[in-house]
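Work through these exercises with the model open beside you. Try each task before you read its solution.

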Amino acid sequence: MTRENGEAREPGLSDSDWMRRALELAERGRGWVEPNPMVGAVIVRDGRVVGEGWHEVYGGPHAEINALRQAGHLARSATLYVTLEPCCHHGKTPPCTEAVIAAGIKRVVAAMPDPFPQVAGQGLEQLRSAGIEIEVGLHQAEARRLNAPYLTRLEKARPYVHAKWAMTLDGKLATHQGDSRWISGDESRRKVHALRGLMDAIIVGAGTVRADDPLLTVRPPGPRIPTRLVLTRQGDLPPTCRLWQTLDQAPVWLAGPHLAERIRHFPQGVEILSAESIADLLAELACRGFTNVLVEGGAQVLGAFFDARLIDEVHVFVAPKLIGGSGPSALLGLGLPTMTSAIQLQDVCYERSGRDCYIHGLLR
């Protein structure tokens, strides 16, 4: 047994084991590296780890560089396991391929190609031309899941959309009088703030702002400071709402059709986006580098995203409470006509969250 970075490593582990370790390392970059992908790298020589690294912060060294620095001269004739094809272009950092070649790496095992147009197989070809043995596709499904937000922005030209809501056991977001504080418990609200801290934007409707006067900030702060984006047709938000009072804590944007023509007066620092549809809005956010957005409500906004098939992942907190009556359910809008057309969540996880149940999964 050997010990690297304080962690035990057994000789004789397989390619699959090393790639799983690289995926674990890549996860550490979540929230810190976007709009870049999360990437992890492990360098193995003679059955032992000699270097590990991950992309730690946007604009900083890539995973391969961090692993090569740790490995030093021991990288020569070693195998590099990396969760994404090494880059071959000059961006905020030099090409990783040049460093890999210069270090004398003998073999590269990549989980998946990088679809970024300036890479897109060229990095692997550059390594192959230098005489390095190349293997691609090991744990590719896990690598794609890890970087689903990055891939969504590249392949669909929009951010990855998370939808979140809390509801009672009988499926209500609020009472028939609109009271919703609090459906979920303290632990669930802590999870929500942790989720917010990974987002580029939090999206709500104007009705939610008028009814709940939310802050939509991250408490305590996380890796990211999400823009608070309000969907509105008229921009008629209360002049005393807490969004205006906390502009120094996080940006506030208003979005809607022809909104710039309708709004004449709003607090300094608020940005106005004119968007004819949700799809138009998401396309604009992608152009601005937004990778993850969180839709928090209300029911009409959640329903509109659902009807447009623009939700990628859901986060639902179910409280063991009953209120009955005619309060709103989570997804208002057109909905689906039959149970056979219902969308089945994939990769579903169920977790205890205090007294609540936290359910999250993917829509495909």
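**Exercise 1. A pair of side chains**

Are K164 and E296 buried or exposed? Find out, then describe how they meet.

Solution. Start with the ground rules. The model is predicted, so local features need pLDDT of at least 70, side-chain atom pairs count only at pLDDT 80 or more, and totals for chains, interfaces and linings use all residues. Residues are numbered from 1 along each chain as its sequence is written, and side-chain values use heavy atoms, with hydrogens and water left out.

Step 1. Both K164 and E296 are buried. Buried means under 20% relative accessible area, exposed over 50%, and partly exposed in between (1.4 Å probe, protein chains only).

Step 2. Their side chains form a salt bridge, 3.5 Å from N to O. The term stands for a side-chain nitrogen of Lys or Arg within 4 Å of a carboxyl oxygen of Asp or Glu.

Step 3. K164 belongs to strand β8 (residues 160-168) and E296 to strand β13 (residues 292-297), so the pair ties together parts 132 residues apart in sequence. Strands (E, at least two residues) and helices (H or I, at least four) are DSSP runs, numbered from the N terminus.

**Exercise 2. One arginine, two partners**

Which residues form salt bridges with R21?

Solution. Step 1. Take E24. Its closest contact with R21 is 3.2 Å between N and O atoms. E24 and R21 are 3 residues apart in helix α1 (residues 15-27), so about one helical turn separates them.

Step 1. Take E52. The salt bridge between R21 and E52 has an N to O distance of 3.0 Å. R21 lies in helix α1 and E52 in strand β4, so this pair joins parts 31 residues apart in sequence.

Step 2. Check the cover. R21 is buried, at 9% relative accessible area. E52 is buried too, at 7%. E24 is partly exposed, at 48%.

**Exercise 3. Counting charges**

How many salt bridges does a search of the whole structure find?

Solution. Step 1. The search finds 25 salt bridges. Side chains of opposite charge can pair when their charged atoms come close.

Step 1. Look for a network. D15, R107, E133 and E135 are linked by salt bridges.

**Exercise 4. A glycine in a loop**

Where is G171, and what does it touch?

Solution. Step 1. G171 sits in the loop between β8 and α7 (186-196).

Step 1. G171 is buried, because its relative accessible area is 18%.

Step 2. Leave out residues up to four places away in sequence. G171 then touches P328, S329 and A330. Contact means heavy atoms within 4.5 Å.

Step 3. Compare sequence and space. G171 and G327 are 156 residues apart in sequence, yet their C-alpha atoms are 8.9 Å apart.

**Exercise 5. The whole chain**

How many helices and strands does the protein chain have? Then describe its overall dimensions.

Solution. Step 1. The protein chain has 12 helices and 16 strands.

Step 1. Its C-alpha atoms fill a box of roughly 70 × 45 × 40 Å along the principal axes.

Step 2. Of its 364 residues, 50% count as buried.

Step 3. Residues 24 or more positions apart account for 71% of them.
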